[in-house]
Amino acid sequence: MKSAKTMENKQQTKPEVVFFHRKPRNVGNYSVEFIFGDVRNRLKGKIKSRIVTSAYESAGFFKRLYNCVEAWRKQGQVNHITGDVNYLGLLLKRSQTIQTILDCVLLNNTKGVKYKILKLFWLVIPEKRSRFLTAISESTKKEILRHHPCDPDKIIVIPVAISPDFKVKEKPFNKECPRILQVGTAPNKNLPRLIEALKGLPCILNIVGKQNDEYEELLKKYNIHYSYEWGSSGEEIIKRYELADIISLVSTYEGFGMPILEAQAVGRAVITSNVFSMPEVVGDAAVMVNPYEVSEIRKGFEKIIYNDAFRAELIMRGFQNIKRFDPEIIATKYLDLYMKAIS
């Protein structure tokens, strides 16, 4: 009898978590789904999970309204909105809803009336309609509070875990013509300054992202050897890291900066920016530069290429740094939060 009661209590404390996902806009735009897919796998037996993917892309009033109604119909004991569809919490039970905020890049790039409307549906209403917010970095938490002052204790920082698919891959460093990997071509990725910084430096720039006429013109102007990849699978992306000598993320903005950890896990030297979340993620295991200073970016690359001892030290520090982002630790943080939501 006592044994049956114990089993019943365990069943009662296993939360049912509904993961609400966006409908991805583009091929290859699945990072959020991968992140929380890994969390679910690690919490098997500890939570009961369901996935609800929005029927429509986040565009237009009626499509968003349909997504909200569908979310309301399919809500559960704990509702976790995993990012980029913040408005879905509009009709969900506040006491049972957790909202993950990935970044505030849209708000940073908007002004006037458009900013006020976006802020209302991206931050204000989601915050009011959630029991907890999670931010993927301290930098993102600060930005949320800058745009929308609210109770800071309501915002829980849970970083992104490094995928176990990224493993150490030994490779001799190509000092004569290093292969530089750049993941992403969005405006915040700072490609014009990166390209200018590589002018006259023997290298191959491997860009993962959509081709862009402006970038093409600059690459040809500065006579830089380059290649583009788009729509690559997860395995192909990992291969790009393995073939690279240096990973570049000299962005003007990042909510987190996952390529930093992926590079460190594979065993590659990293150059990144000294702004927003990037110093927080990289620790002391990368060259950090001012992303607005082309000359500083250039010197950072030269230091990695020509200083063998320094480069080796960076790589060793990277192996230590990724331990902070162990997937089991991250999954446990989410489990603790789900248990708080049902308490």
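A pocket here is an open set of points on a 1 Å grid over the protein atoms alone, with protein on both sides within 12 Å along at least five of seven lines, and lining residues have an atom within 4 Å of a point. You're looking at a predicted model, where local features need pLDDT of at least 70 and side-chain atom pairs count only at pLDDT 80 or more, while totals for chains, interfaces and linings use all residues. Residues are numbered from 1 along each chain as its sequence is written, and side-chain values use heavy atoms, with hydrogens and water left out.

Ala, Val, Leu, Ile, Met, Phe, Trp, Tyr, Cys and Pro count as nonpolar, Asp, Glu, Lys and Arg as charged, and the others, Gly among them, as polar.

Next, the cavities, where a 1.4 Å probe fits but cannot get out. Select Gly83, Asp84, Asn86, Thr100, Ile101, Leu102, Asp103 and Trp122 to see the lining of the largest cavity, with its volume of about 50 Å³. Then show Ile35, Phe36, Thr100, Leu102, Ile136, Ile158, Pro159, Val160 and Tyr334 around the second largest cavity, which holds about 30 Å³ of space. That lining has eight nonpolar residues, one polar and no charged.

Hop to threonine 140 in helix α6, residues 138-147. Is threonine 140 buried or exposed? It counts as buried, because its relative accessibility is 1% and buried means under 20% relative accessible area (1.4 Å probe, protein chains only). Its side chain makes a polar contact with the side chain of serine 137 at 3.0 Å. (That's a pair of N or O atoms within 3.5 Å; within protein, one must be able to donate a hydrogen and the other to accept it, and residues adjacent in sequence count only if both atoms are side-chain atoms.)

Last stop: lysine 154, in the loop between α6 and β6 (155-157). Lysine 154 is buried too, at 10% relative accessible area, and its side chain reaches the backbone oxygen of serine 130 at 2.8 Å.

Notes. Points joined across faces, edges and corners; volume = space filled by probe spheres on them. Helix = DSSP H or I, 4+ residues; strand = E, 2+ residues; numbered from the N terminus. Buried < 20%, exposed > 50% of the residue type's maximum accessible area, 1.4 Å probe, protein only.
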